[in-house]
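Trainee: Could we walk through the pockets and the core of this protein together?
Mentor: Gladly, let's take a look.

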Amino acid sequence: MDTNPAPTTTEAAPGTRWVGGCAIAAIILLALVAYGAYALENLEKGIDGYGQMEQAGPSGHVSDPLGPGATAQFEDGLKITVSPPLAEAGGAYAFSVTYENGTDSAVRPGGRSREDSVSDIGQAALVVRPGKSHDDYVSDYDLDWLNEEASAAALLPPLAEGEKRTVPVRIKPTRAGIPVTVEVAVPDAGYRETAYFQLTAG
């Protein structure tokens with residue numbers, strides 16, 4: 001006489017096991033695709049040095065400058081905002097350039113020397129010049145950068161990770177209503193795009 005109890009468990013039907021296996025395989029495949037896309041994006045950023053801008057709206061390039069109050073956002077976490085210009089007495093205008101270091105290391109917004117930090121005519125870490133962003137030269141109006149030395153002094157110290165710094169700029173155009181271009185080129189050991197902003201003095 002057989003005294004062993006009958007087994008109480010039943011095996012799942014082959015069809016049920018097949019559906020469950022397919023579901024698990026689909027989840028694993030989706031996870032692998034998502035991880036692959038993430039890895040590819042990081043590889044692309046690593047190749048170009050994380051120096052590309054990635055904000056919505058205008059690109060911030062010379063042919064598509066950002067407007068007053070806009071922020072240039074770089075892939076490495078650096079953010080730069082140029083405020084709208086405000087009229088002052090005597091025909092001057094004041095605005096600010098704010099640097100927010102969201103990268104994982106210190107940056108030098110003004111480079112390593114006064115000569116590299118600011119300019120109103122040539123290449124520098126911060127250029128404030130008359131004309132539109134794509135203009136090489138304008139002859140019927142001009143501007144004076146009234147606090148150029150103070151702006152350079154504010155730019156030169158290193159900006160630590162997580163810190164924010166606002167650089168004041170005061171200009172006096174030869175007449176009201178002229179376009180003003182602000183070029184911000186924060187030096188980088190690898191590569192960083194120059195951010196262009198288009199303002200109007202008046």
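This is a predicted model: local features need pLDDT of at least 70, side-chain atom pairs count only at pLDDT 80 or more; totals for chains, interfaces and linings use all residues.

Trainee: Which strand gives the most to the lining of the largest pocket?
Mentor: This pocket holds about 400 Å³ of space. It is lined by 19 residues, and those closest to its centre are Asp120, Ile121, Gly122, Arg129 and Asp136. With 3 residues, the top contributor to the lining is strand 6 (residues 126–130).

Trainee: How many charged residues are in the lining of the second largest pocket?
Mentor: The second largest pocket has about 260 Å³ of space. Closest to its centre, among 13 lining residues, are Arg108, Gly111, Pro187, Asp188 and Ala189. The lining has 7 nonpolar residues and 1 polar residue, and its charged residues number 5.

Trainee: Which residues touch the most other members of the largest nonpolar core?
Mentor: Elements that give two or more residues to this core include strand 4 (93–101), helix 3 (148–155) and strand 9 (178–184). The core has 34 residues in total, and those touching the most other members are Val97, Tyr99, Leu126 and Val182.

Trainee: Which of those four residues does Tyr99 touch, leaving aside residues up to four places away in sequence?
Mentor: The contacts of Tyr99 include Ile80, Leu155, Val167 and Val184.

Definitions and conventions: Residues are numbered from 1 along each chain as its sequence is written. Side-chain values use heavy atoms; hydrogens and water are left out. On a 1 Å grid over the protein atoms alone, a cavity is a set of points where a 1.4 Å probe fits but cannot get out, and a pocket is an open set with protein on both sides within 12 Å along at least five of seven lines; lining residues have an atom within 4 Å of a point. Grid points are joined across faces, edges and corners, and a volume is the space filled by probe spheres set on the points. Helices (H or I, at least four residues) and strands (E, at least two) are DSSP runs, numbered from the N terminus. Ala, Val, Leu, Ile, Met, Phe, Trp, Tyr, Cys and Pro count as nonpolar, Asp, Glu, Lys and Arg as charged, and the others, Gly among them, as polar. A nonpolar core is a set of buried Ala, Val, Leu, Ile, Met, Phe, Trp, Tyr and Cys residues joined through side-chain atoms within 4.5 Å. Buried means under 20% relative accessible area, exposed over 50%, partly exposed in between (1.4 Å probe, protein chains only). Contact means heavy atoms within 4.5 Å.
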